[in-house]
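Visitor: I would like to be walked through a structure and told what stands behind each term.
Guide: Then ask about the words as they come up.

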Amino acid sequence: MVFDLTDEQRMIQETARNFAQKEVLPKAAELDENSRFPEELIRQMAELGFMGIAVPEEYGGAGMDNICYAIAMEEISRACASTGVIMSVNNSLACDPILKFGSEEVRREYLVPMASGKKLGCFGLTEPGAGSDAGSQKTTAVRDGDFYVVNGTKNFITNAPQADTCVLFTMTDKSKAHKGITAFVVDMKWKGVSLGKHEKKMGIKASATSSITFEDVRVPAKNRLGNEGDGFKVAMNTLDGGRIGIAAQALGIARASLEDALTYAKDRKQFGQPISDFQAIQWMLADMATEIDAARLLTWRAAWMKDNKMRHSKESAMAKLYASETAMRAAVKGVQIHGGYGYIKEYPAERHFRDAKITEIYEGTSEIQRLIISSALLKG
Amino acid sequence: MDFRLTDEQRQVEEMVRGLARKEFAPRAAQVDEESRYPAENQRMLAGLGLLGMLYPSEYGGSEAGPVSYAIALREVAAACASTGVGMAVTNMVGEAIFRFGSEKQRRRYLPMLSGGKGAGAFALTEPGAGSDAGGLSTFAREAGDSFVLDGSKVFITNGAHACVTIVLALTQKSPRKISAFLLEPGIPGFTVGKGEHKMGLRGSDTVSLSFDECRVHRSAMLGAPGEGMKIALSALDGGRIGIAFQAIGIAQASLAAATEYARDRRQFGQPIGEFQAIRWKLADAATDLDAAQLLAFRAACRKERNLPFSKEASMAKVFATEAGNRACHAAVQVLGGYGYIREYPLERHLRDIRVTTIYEGTSEIQRLVISRALSL
């Protein structure tokens with residue numbers, strides 16, 4: 001067993017950390033306050049290769065591994081969780097399924113601009129009636145010659161308002177339930193595609209979320225990912241990777257909670273001494289640090305397994321479940337250590353608290369992760 | 001990054017798992033029931049080179065390294081935690097003698113320990129010095145070419161079966177200097193007290209030791225005068241990785257038993273494993289134990305490469321022992337009434353694992369070590 005980073009992994013850690021601290025962190029509070037999409041940061045991240053980290057260079061990506069991806073996600077999210085999720089959706093949910101399931105033509109046309117960060121992607125799976133039960137898709141795609149005609153509504157779609165491209169899931173054969181789902185790559189400018197209103201969210205407010213409606217949208221058959229009926233497999237396979245990204249995002253938020261609380265605890269004096277001298281505070285910090293290390297190891301293990309083409313559904317679920325719940329616990333403790341200052345916007349602790357919550361919900365709730373893990377255990 | 005075991009480590013895993021399942025597991029309930037020290041298990045461990053895994057063959061060791069040692073300990077503890085803790089302390093004592101001992105001390109004691117002639121014991125804790133180990137009061141008075149020890153030690157694992165015991169004592173009161181000594185059984189003034197009745201690990205030997213005008217030659221000192229705490233803390237850093245793996249082994253055995261039970265046991269017309277109430281417990285235990293194992297392997301790998309690992313060992317110990325306790329608790333709950341009776345091993349696992357958050361540094365001491373490393 002080796003726990004060291006390679007030179008490349010160390011390099012991207014340093015690059016991402018410097019960029020995040022210098023460029024992203026100073027803007028994070030303002031982005032949150034104004035729910036402003038950080039267009040300029042996304043452009044800079046594209047130049048650094050962060051929008052398609054694990055995509056091969058021939059398809060416009062940085063050609064690095066998934067541990068590099070997790071490392072960069074953690075660093076960006078340490079500074080701003082909203083910026084982190086914009087990056088994660090593009091990398092994991094838009095680029096990855098096209099790389100894996102798209103034809104060469106589709107890769108050239110859609111993957112290259114997204115992986116290089118010239119265009120932005122989103123992932124249309126969730127519907128008003130299909131959350132955790134993703135198999136119960138109502139959006140339909142009906143074959144019409146060389147096209148499919150798509151009708152339906154997707155909601156809670158991260159990046160939708162800015163996205164150029166959507167990896168979209170539809171029902172092509174309702175009688176087959178989740179085996180009747182088919183995935184497509186859809187251009188957001190096509191006729192019949194329209195955006196619903198932006199959601200107002202508790203946290204990750206700088207990332208934009210909206211519904212998308214598809215009305216008689218004609219999608220060329222060549223834009224299909226895999227075969228008809230492969231959609232559920234495409235979605236699950238994609239989410240196995242996406243969960244590594246969200247685990248890394250959660251790690252970044254947890255680290256922000258810890259590092260900010262540490263700074264505050266050393267500085268804040270009560271009862272004649274820094275509060276960091278009290279065991280009540282030390283215990284919280286020690287637990288945060290230990291859980292963050294554990295979460296990072298679970299995340300890197302899943303990323304390593306993906307890099308080595310091993311099945312990693314269970315391990316991704318463990319990483320996502322553990323890291324997101326660690327982020328939430330760390331954020332609760334971070335606010336507590338700050339006391340009243342943790343509750344006001346002058347300090348970032350309350351933002352970490354709001355941002356952490358989503359990581360337990362999207363890309364599979366904690367409950368879905370526990371289902372995946374327990375199924376793997378009981379199967380033996 | 002590479003999360004694979006080497007071929008050699010995999011072989012150790014397979015060999016020890018085979019031995020533990022075939023020989024130790026079937027006897028574990030009886031060892032517990034009768035509070036019997038399983039000497040035959042220790043002999044079998046010696047036969048396979050598992051009692052001297054951290055020093056080279058010229059001293060009778062197998063030099064398998066900290067990672068292989070961790071794996072072996074996990075497998076033994078999964079079958080019989082009492083056997084596991086005996087093995088852990090013997091290995092720890094051997095490693096300390098190898099690292100800090102004179103050539104003569106190494107030649108004398110290491111082959112005895114690895115060969116199973118007797119166990120190794122480590123006497124630091126006293127009635128008044130638990131977490132505050134530095135506050136010990138056993139005194140070793142210098143007298144010519146000897147030291148004369150007076151005082152007492154408590155909760156000493158392997159104490160009654162040891163062929164050599166590392167004893168920490170004050171050699172100077174002001175300023176305080178603590179030194180380590182190697183004591184053999186039977187020397188005048190060195191008495192072994194009666195065994196403690198414990199909640200768990202009932203097959204492990206836990207005794208008090210007393211020293212009454214106990215005279216040892218100065219060549220019995222381990223390391224230099226005043227080096228005692230350094231030796232003790234260095235042994236404990238390694239020991240903590242061992243206890244983490246002991247907890248992981250016990251908890252993995254509990255989780256495996258609970259998972260199997262959840263598959264078979266039917267209530268309300270279906271296996272209880274179909275109920276989310278049960279599945280959640282299994283999922284949380286499995287996730288926690290995987291995280292625990294990664295933390296513990298990280299610490300073991302750092303030790304193997306001679307990198308500092310004190311903080312990592314503390315993180316591994318506090319996390320693995322607390323997660324292990326939760327997992328064993330949940331496993332008893334999954335089995336319901338069957339978890340509470342001795343027909344199943346779950347109640348023993350729960351009793352056995354309880355001590356892991358206490359000995360070799362309580363969870364509270366681990367959190368102190370970790371928070372200090374955060375540069376508060």
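## Terms and their grounds

Guide: Start with a turn in chain A: strands E2(A) and E3(A) make a hairpin that has two residues between them, and in the turn A:Gly145 has a positive phi of about 65°. The model is a predicted one.

Visitor: What makes E2(A) and E3(A) a pair of strands?
Guide: Two strands pair if there are at least two bridges between them. Strand E2 (residues 140-144) of chain A and strand E3 (residues 147-158) of chain A are joined by five bridges, so they count as paired, and they run antiparallel. Within this pairing, A:Arg143 stands opposite A:Tyr148 in E3(A).

Visitor: What joins strand E2 to strand E3 in chain B?
Guide: In chain B, strand E2 (residues 139-143) and strand E3 (residues 146-157) run antiparallel and are joined by five bridges. With at least two bridges required, they therefore pair. B:Glu142 has B:Phe147 as its bridge partner in E3(B). E2(B) and E3(B) form a hairpin with two residues between them, and B:Gly144 in the turn has a positive phi of about 65°.

Visitor: Why is A:Glu363 called buried?
Guide: The term needs 20 or more other C-beta atoms within 10 Å. A:Glu363 has 31 other C-beta atoms within 10 Å, so it is buried. The residue lies in the loop between helix H9 (349-359) and helix H10 (366-379) of chain A.

Visitor: Is B:Glu213 buried or exposed, and how do you know?
Guide: B:Glu213 has 10 C-beta neighbours inside 10 Å, so it counts as exposed. B:Glu213 is placed in strand E7 (residues 206-217) of chain B. Phi of B:Glu213 is near 50°, which is positive in a residue other than glycine.

Visitor: How much of chain B counts as buried?
Guide: Of the 376 residues of chain B, 57% count as buried.

Visitor: What divides chain B into domains, and which of them touch?
Guide: The domain assignment of chain B gives domain 1 (7-119), domain 2 (121-226) and domain 3 (229-373). The C-alpha centres of domain 1 of chain B and domain 3 of chain B lie 20 Å apart. Their contact takes 20 residues from domain 1 of chain B and 23 residues from domain 3 of chain B. On the domain 1 side, helix H1 (7-33), helix H3 (66-79) and helix H4 (81-100) of chain B each supply at least two residues. The residues of that side divide into 14 nonpolar, two polar and four charged.

Visitor: Which domains are assigned in chain A?
Guide: Chain A has domain 1 (7-115), domain 2 (121-229) and domain 3 (232-379) by its domain assignment. The C-alpha centres of domain 2 of chain A and domain 3 of chain A are separated by 30 Å. Their contact takes 14 residues from domain 2 of chain A and 10 residues from domain 3 of chain A.

Visitor: How many residues of each chain take part in the contact between chain A and chain B?
Guide: The contact takes 31 residues from chain B and 30 residues from chain A. H7(B) gives the most to the side of chain B that touches chain A, with 13 residues. By class, that side has 20 nonpolar, four polar and seven charged residues.

Visitor: What confidence does the model carry?
Guide: The mean pLDDT of chain B is 97, and 100% of its residues reach 70 or more. The model scores ipTM 0.93 and pTM 0.95.

Definitions and conventions:
Residues are numbered from 1 along each chain as its sequence is written. Chains are lettered from A and ligands numbered from 1 in the order in which they are written. This is a predicted model: local features need pLDDT of at least 70, side-chain atom pairs count only at pLDDT 80 or more; totals for chains, interfaces and linings use all residues. Two residues are in contact if their C-beta atoms, placed from the backbone, lie within 7 Å. Helices (H or I, at least four residues) and strands (E, at least two) are DSSP runs, numbered from the N terminus. Ala, Val, Leu, Ile, Met, Phe, Trp, Tyr, Cys and Pro count as nonpolar, Asp, Glu, Lys and Arg as charged, and the others, Gly among them, as polar. Domain bounds come from an automatic or database domain assignment. A residue is buried if 20 or more other C-beta atoms lie within 10 Å of its own, exposed if 12 or fewer, and partly exposed in between; C-beta atoms are placed from the backbone. pLDDT is the predictor's confidence in each residue, from 0 to 100.
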